[in-house]
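Please look over the sequence and the model below before reading on. The briefing that follows takes a few topics in turn, from the whole chain to single residues.

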Amino acid sequence: MQDHIKYIESEIIDQFMMDDNNRPWIIGFSGGKDSTMLLQIVWYALKKIDPIIRSQRKIYVICNDTLVENPKIVDFIYRTLANIQKAAVRDGISLLVEETTPKLEDTFWVNVIGRGYPAPNSMFRWCTERLKINPTTKCILEKINENGEVILFLGTRSDESIKRAASLKKHEFGNNRLRKHSLPKAFVYTPIKDFLTEEVWQYLLTVPSPWNTTNRELITLYRNASGGDCPLVIDTTTPSCGTSRFGCWVCTVVKRDKSMEALIDNGEEWMLPLLELRDVLAESRDNEDWREEYRKNGQKAPGPYKPQYRALILEKLLQAQRLTQMTEPDIDLITNQELVAIQIMWYKDSIFNYQVSQIYNKTYNLNIMKADKIEKQKKKENEILSNSCKKNPEHIELINNLLAVQKN
């Protein structure tokens, strides 16, 4: 394997030295075994290049956070990214770490709780594009617009699946080093595509990390979770996640989250509320009692979650967050910005019987999300409306709905 590593390093150096107007390199990093091996090999290759020459090409390490990643993995990844950035400065490598996240309106909770989207399954996997592909694509396109062309380094390997191997072969061209990407002016380089899984582990166990962290923590995570990792997803040919995976803790595409179950069995009991909520989501999508009779396009078929169940999911999510924070106080399962966006989505869907602030205060037994001037004004308007409709109280909801339609 040592000879193979040396050959790959020489290939990377040769690619770096090509006269290609110093096209920036974008290295996809998920924090898993494959992307870690890829970045280490690229790093050691770069250190063999003259410091003045290697500073002439921009290198980006891109890591995507869906905002619903397994919290145990997120903590490890962010610590690793900080060490990578520090080590790049130390070694004089022109490398910049960039983290991508989905737009607020595309986040998992804004779609599930706010819009009422059913939890994803294999037939309706709406999450991959919104949470993974779009944020990463946006970042890549920005680099293309700035520099003309880019080379994407990915840690995908041929033995991951027959379908993936066929995809790698299909898009190869020229010297078989680069392949075309679906994005114009973007090329993909997969240096470790021919390594077997056992060779990846052997490399990580024997070659020290250049950013001064041990790979044993990563290996321990895999051992405790008995799973794999999600690669950086850049298009629909990239496997979003397999049945054995590190990825989103809310994932309902798989029947069981074996990695989270294994982590709990190995001492991470604080994750139990997350697993229970994930199971509720998995059961809810096929429960017609939870779903509207019509879809938003008017088709008679199971539609979005009903308002009461959107509120129920939010309540269960906040309960899980509160329980988790008793032992892991720095973990937030949902952001304040998402809570605000959910309330806006509810108003757009003419949902006035449930308030995010009330659910939050009930869960935390607090009153830190008090109604603002707009809500106070709305309360006053409702009082006037109630007094005006004493003889016909059923008109209150009708008038509120008509006002909502007018505002939208």
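**The chain as a whole**

Of the 408 residues in this chain, 50% count as buried, and it should be kept in mind throughout that the model is predicted. The chain holds 16 helices and six strands, and its accessible surface comes to about 20700 Å², with 52% of that area belonging to carbon and sulfur atoms. Among the contacts between residues at least 6 apart in sequence, 68% join residues that are at least 24 apart.

**Strands and their pairing**

- Strand S1 (residues 25-28) is joined to strand S4 by three bridges, and the two run parallel; as one example of this pairing, Ile 27 has Phe 153 of S4 as its bridge partner.
- S1 is also joined to S2 by four bridges, again in the parallel sense, and here Trp 25 has Ile 59 of S2 as its bridge partner.
- S2 in turn pairs with strand S3 (residues 95-100) in the parallel sense over six bridges, and Ile 59 has Leu 95 as its bridge partner in S3.
- S4 pairs with strand S6 (residues 186-189) over four bridges, likewise in the parallel sense, and Ile 151 of S4 has Phe 187 as its bridge partner in S6.
- In strand S2 (residues 59-64), six of the six residues are buried, with Ile 59, Val 61 and Cys 63 on one side and Tyr 60, Ile 62 and Asn 64 on the other, so that both faces are covered.

- In soluble globular proteins, nonpolar side chains tend to be buried together.
- The largest nonpolar core in this chain has 44 residues, of which Trp 25, Met 37, Trp 43, Ile 84 and Leu 95 touch the most other members; helix H2 (residues 33-46) gives the most to this core, with eight residues.
- A second, separate core of 43 residues includes Trp 270, Ile 331, Leu 333 and Ile 342.
- Leaving aside its neighbours within four places in sequence, Leu 95 is in contact with Trp 43, Ile 59, Val 61, Ile 84, Gln 85 and Ala 88.

**Ala 311 and its surroundings**

- Ala 311 lies in helix H12 (residues 307-325), and it counts as buried because its relative accessible area is 5%, which is under the 20% cut-off.
- Leaving aside its neighbours within four places in sequence, Ala 311 is in contact with Trp 346, Tyr 354 and Ile 359.
- The C-alpha atoms of Ala 311 and Gln 355 are separated by 8.4 Å, although these two residues are 44 residues apart along the chain.

**Cysteines**

- A disulfide is a covalent bond between the sulfur atoms of two cysteines.
- Are Cys 63 and Cys 127 buried or exposed? Cys 63 is buried, with a relative accessible area of 6%, and Cys 127 is buried as well, with a relative accessible area of 14%.

Key
Residues numbered from 1 in each chain as written. Predicted model: local features only at pLDDT ≥ 70, side-chain atom pairs only at ≥ 80, totals over all residues. Heavy atoms only, no water. Buried < 20%, exposed > 50% of the residue type's maximum accessible area, 1.4 Å probe, protein only. Contact = heavy atoms within 4.5 Å. Areas by Shrake-Rupley, 256 points an atom, 1.4 Å probe, with all protein chains shown as cover. Core = buried A, V, L, I, M, F, W, Y, C linked by side-chain atoms within 4.5 Å. Pairing = 2+ DSSP bridges.
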